[in-house]
Each structure stands twice: as C-alpha cells, then as structure tokens.
Amino acid sequence: GIGADRKVNGIISGTWAGTLSVMRSFEGPTSGFAINTSNTATFSANGGFVYDDVSGNGGSFDNVVVWLKIGFFNPGDYVSGAAAITWGVSPVGGTSGVGGVALSGQYAVCRMTGYNSPTSVDIEAITSPESLALGMVTPIPTLNATANWVEGQWSDVQGWPTSVCFHEGRLCWFGGGQCWLSASDNYTNFADIDFDGTSTGDGGAINITLGSGPLDTVSWGLSLTRLLIGREQSIGSCRSSNFDQPVTPTGIVIRDCSDQGAQRLPAIKVGKRGVFVQQSGRKVYELSFAGQEMDYDDRDLTRLNLDIGLPGFVDIDKSTQPDKMVWLPRGDGQCATLLYDVKDEVDAWWRVQTLGVIENVAVLPGSGAEDTVYFVVRRTINGVTRRFVEKLALRTDCIGGALNKQLDCALVYSGSPVSSVQVPWLPATTLSVWADGTAIGSGTTDASGNLTMPDGLAHSNIVAGLAGSVVTATAASPTATLSVGIQYNGYPCEAFADVGSTGEPIHVGSLVVSNGTITLPNGQQATTIIACLGYVAPFMSAKLAYAAQLGSALTQKKRVEHVGLVMYDTHYQGLQFGQRFDALDSPPLYEADQPTPAGTVWSEYDEPMMEVPGEWNTDARLCLLAQAPTPCTLGGVVIGMTTNERG
C-alpha cells in the first residue's frame, strides 16, 4: 500500500517472455482490481517503471490506501521463463526506492540514542520478527524526515506500568490510565496494526484507556472469568459482548463492579474468586460473580473481625493445601491468616507470631499434601539485624516424636548421638531444645553459635531453635508498662491486662516492644499485665453468656467450673487452662489412677471434665495457652459453668 504523494519505483529482471501488467485497487489486496492503463500499464521486456499517485493515474490519491499488483493477468500474456520484480516507494521528487525494501506506507520502531535539535535526533533501528518475515533488513523505510511520529508510551517521562498479569493467552500491563494487552499467544507483540497500517484483527493487541476515575496507578490485574483491574477507588471489570466470549480489540469495555479501591498489593485468585486488600490497607474483600447482576461483586471478609487489620497489611499470598488459607503479614510483625472455605461457608481469622518481624510471605506448591509457606523474618541477633527465609513445618512434623519441628529458625539434627550442636546463624541466643522425643529445656549459644545440650546428655535427634515466653507482672499500683527485655525490641507480642485495675485481665491487642518494654495503648493502666512473646498460642474466648434459666447471663456473676478437652497429638502438659492467663492449670499428671509417663504425647485425649481455677465475675471467660516446643492440637472444648440466677 502507498500513501499520499508517493511514487512506486520498480525493476523487472529475469529471463521471460510475455506481457506483464500493473493493476491497482482501492478496496483491498485481493478484490476490486482494475488494470492500470494510464501509466506504464504493460511491460514486455526487462527494465524499470514508475507509478505516480499524484501526477496521473486518474487523479490524486492523497490519504488513500492504494494496492498495486504486477503479473501476467490476461490469457496468453505469459509465454515462458521467470520474471523477478523488486519495488519500493519514495517521496515525489525523491530518490528511487528500488531494492526490495518498502520505503513508505510502513511503520517502524526505533530507539532515540541522542538529541541534536528539535528536528533531529539519533536513532537506533529495532528489528522485529514481523519485519524480518516481510523481508525487511531494517524496519526504517526511509531516512527522510517525517512529521508522523509518536513517543513510546513507556518511559521515565511518560511513566511505566504499575502492574501485570496474564489473561486468555495475553500478557496484560496496566498503569497511567491505560491497559495494554498483547496479541493472543504472542506476549511480546503489542502492535494493534500491521506494517501496512491495517488492523491486526481479533487476535491482535488491545490498547484501551481507562476513561474516568484515578488513573495514575493500577494496583493489580486479576484473571478470573473476567479480567478485573484493581484501581485506587474502584475495581474495573473488562467485558466482551457475551459472557463466554473472549475480549478483542473491538469487543471490550471496562465498567466498575465495585467502589472499593485497591491497596498497592497484589490480588490473589482463590478458585473462581478473587481476594484483595482494600485501599485503606486494613480490610480484605472478596470478589465473586453475582448471577443476578451478571458481573462481579464485593464482600468484606473482615466484617466480623474489624481489629485484625488495624496494623495494616503489607503482603498477601494464599495456599490451597491442606486447607485454603490467605496469608497477610501485618505492619506490626504478625501474620494474619484467613481460613477460607467457600463451600463450607468458613471465614476464620487467626494469627502467626514468632520471635521476630514477619515482613513477607510466599507460597509454593508442595510435593506432598501441603503447600510450602515461606516467610521473610527480620530479627536482631546478637545486636545485628538479620533477615531469614523460613518455611512452615508440615503438620505431620509437629505431632511429637523423635523430631518435633515446633521451634522457629531451628536446626534439625539426626545422626549419631552428640552432646552439642552448632547453630551459627543464632550466636549468643537462648534456644529451646527438643531431643529424642521430649523437651529437654533451653540453653544459650556462644559467640560462634555452639549449643551444649541443656540436660548434659548426648542425643541422636535434635531440634534447637527459638520458642517464646510469657511474661507476667502484678504491681501494687496501676502502671502502663511492662518490662520484657531488650532482646525483644521491635517484636510483636499479645498483651492482656486488667485495665482499670478490675482484677480481670482482658485482651488489649498486639503490642510492639520498644526499649525492652510494652506500653498499654490510649494511656490505659493496669495492675496485672501479661505479655505472650514468640511461639506462644494464647486463646481467650468471647463472653460466655449462657447457662441462665431466668434470662440473659450477661451482667450476671458466673464462674467457669469445669472444662472438657478433646485433643489430638498433644503433649501431656502441652495445654494450660483457666479464667485468666496469670492463673492457669495444666492437665492432671495422673490418668486412670496411674501416673502419666514424662514426655507422653497423646495421639488422642478424651477424658472427664477437669476443674478450672477461677472466680465469680460478670465476664467469665475461658483462657487456653499452648507454647512451643510441646505439641498441642485441640479438637473441641466443653465448658461447665455456674450462674447466679436473678431472683
């Protein structure tokens, strides 16, 4: 094809006999041809020819795409031999473009390497597979000046994409109010026209502009049944003309399906649904297809636990085995975790805490029945800030036995009996030790990380790592602080306190240790403060408002008298219980009138209810505490409560 003010210059060579004709079409390359009879229409010998789209040929064809074809078209035109034809295009009055390279009516890509003046730059030609397939040695059609050019959409000046994803065989980039979807199954091709200026069709690239709303940043693209785009104040849904039809360059429209903006974190695909962090950074939403609306709709997954995201989420990933979990490290160093099972209608939040700050999470498929969950953890070890890439132990490795991997940042040793091990990544650090099937205490490594077994014996199976501690203090007068030690600086802890000196500790939240102390929020004070640091699992129930026959048990004095525990793979002293964390009991040392052997791990435990230490108050709750390295799996709890009825 040729544009305005161009000449076609051609050369015919070879050994042939007959008559060649030039044909012209304004409709397309395969239809509507008419033999050109006004300017060098036929050729009977080797030589050159010129086709001028301005000075003849029925008038000027400015801004018209003209198709030319040369060949033997009439019966009897071809006699014998083979003709070789080369042609090109040049501006009117310009030099010949003969040589097999199309010199106009084409598109080219170049990289500017130098600036000379407002009208002159140095360029580097970028050759593409498409141009090479068309026989172009260089994709630059001419060295003459052109006024028809545009700067690339990605640069330090124009900006760069802010997110990327795959969708329906396309590589999709988003940012700056623009969406770029590559050609189908061609992830490096973002051209929506061919070299001759024609459309690439339904399989070609899609370039579309977000027409309204915040445009600077697109936080994520998510490939579900539709392509969803997470923007700062809304979620866009890319639609085609039909629900099951893929998007095309001419069959795509973007409309908002949610007015919840997206935080600058990735969104994750969980089955056919999406999960993302809302723009505040403190709430998590689900995107699911709503049949009645024929589009995606949002649902707040934090609506029943508004406090879980108060520190702000800093990362997100998900695992699918053995349960679907969404992992969300928080700004305070804990990792909030959502047990997410759509079919069973389960949305349950819990938290992971270690002696350190959890900064990032990544999940990879596991080789067995569990996915592999990795954390990046920041710790201060012997005065030096270090980051560790650690993975969660498999559940089957946390049920007791010779090697019970319920310690963090741990060394695992199995071999000939030894009385010491080396943990060089944890020098001058207090470690807890599980050896040959039992917890044998804790010890401190030397400056090189050498650790002597706390019991002074040699062991064949050793797990040595970080555990945790529970620090409790009761003061004579109310205070706002609790000293826990400078070794915990910057680490999160779960805190409980009898705010207002009521004598009943309540959960005050996750606090961060500073200068060796924790400080109660909002100027609160208490006489009793409990801090749970590291690999510790405290649980405090909600208000136990039942067991009243004459009305609601709320505001009535009550007491938790007994508790029944159904447990699996649990150390015989692996769980403590009570009404407050500063007054807990352990399971009895005798079962069926027989002493329980030291180090016993019950595969199942279902015994009669046990007495609970506690007292009468209006807000009686059950508190449970498990602590590494002793394993504990709690299957169910039965509570026996007594309430004073209203008279």
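Let me start with a definition: two strands pair if DSSP finds at least two bridges between them. Keep that in mind. And remember that this is a predicted model.

Now, a first example. Which residue in β34 is the bridge partner of W434? It is V463. That contact belongs to the pairing of β31, residues 430-435, with β34, residues 459-466. Four bridges join these two strands, and they run antiparallel.

Let's step back to the sheet around them. Four strands form an open sheet, in the order β29-β34-β31-β32, with antiparallel pairing. Which strands stand at the edges? They are β29 (408-418) and β32 (438-444). Each has a single partner strand, so one side of each is left without a neighbour in the sheet. From one strand to the next, the twist averages 25°.

Next, strand β49, residues 623-627. Four of its five residues are buried, so β49 is largely enclosed by the rest of the structure. Look at its partners. Strand β41, residues 536-540, pairs with β49 over five bridges, in the antiparallel sense. There, M540 stands opposite C623. Strand β43, residues 576-580, also pairs antiparallel with β49, over three bridges. In that pairing, Q576 stands opposite L625.

On to charges. How many salt bridges does a search of the whole structure find? The count is 20. I'll take three of them.

R231 forms a salt bridge with D256; the closest N and O atoms are 3.5 Å apart. R231 lies in strand β15 and D256 in strand β17, so the pair ties together parts that are 25 residues apart in sequence. Are these two buried or exposed? R231 has a relative accessible area of 4%, and the cut-off for buried is under 20%, so R231 is buried. D256, at 45%, counts as partly exposed.

The second pair is R299 with E286, where the closest N and O atoms are 3.1 Å apart. R299 sits in strand β21 and E286 in strand β20, so this bridge ties together parts 13 residues apart in sequence. R299 is partly exposed at 27% relative accessibility. E286 is buried at 1%. Both residues also belong to a network of salt bridges, linked with R273 and D347.

D582 is partly exposed, at 28% relative accessible area. R580 is buried, at 15%.

That's my tour.

Conventions: Residues are numbered from 1 along each chain as its sequence is written. This is a predicted model: local features need pLDDT of at least 70, side-chain atom pairs count only at pLDDT 80 or more; totals for chains, interfaces and linings use all residues. Side-chain values use heavy atoms; hydrogens and water are left out. Axes are lines fitted to C-alpha atoms, for helices over the stretch in contact, and angles run from 0 to 180 degrees between N-to-C directions. Buried means under 20% relative accessible area, exposed over 50%, partly exposed in between (1.4 Å probe, protein chains only). A salt bridge is a side-chain nitrogen of Lys or Arg within 4 Å of a carboxyl oxygen of Asp or Glu.
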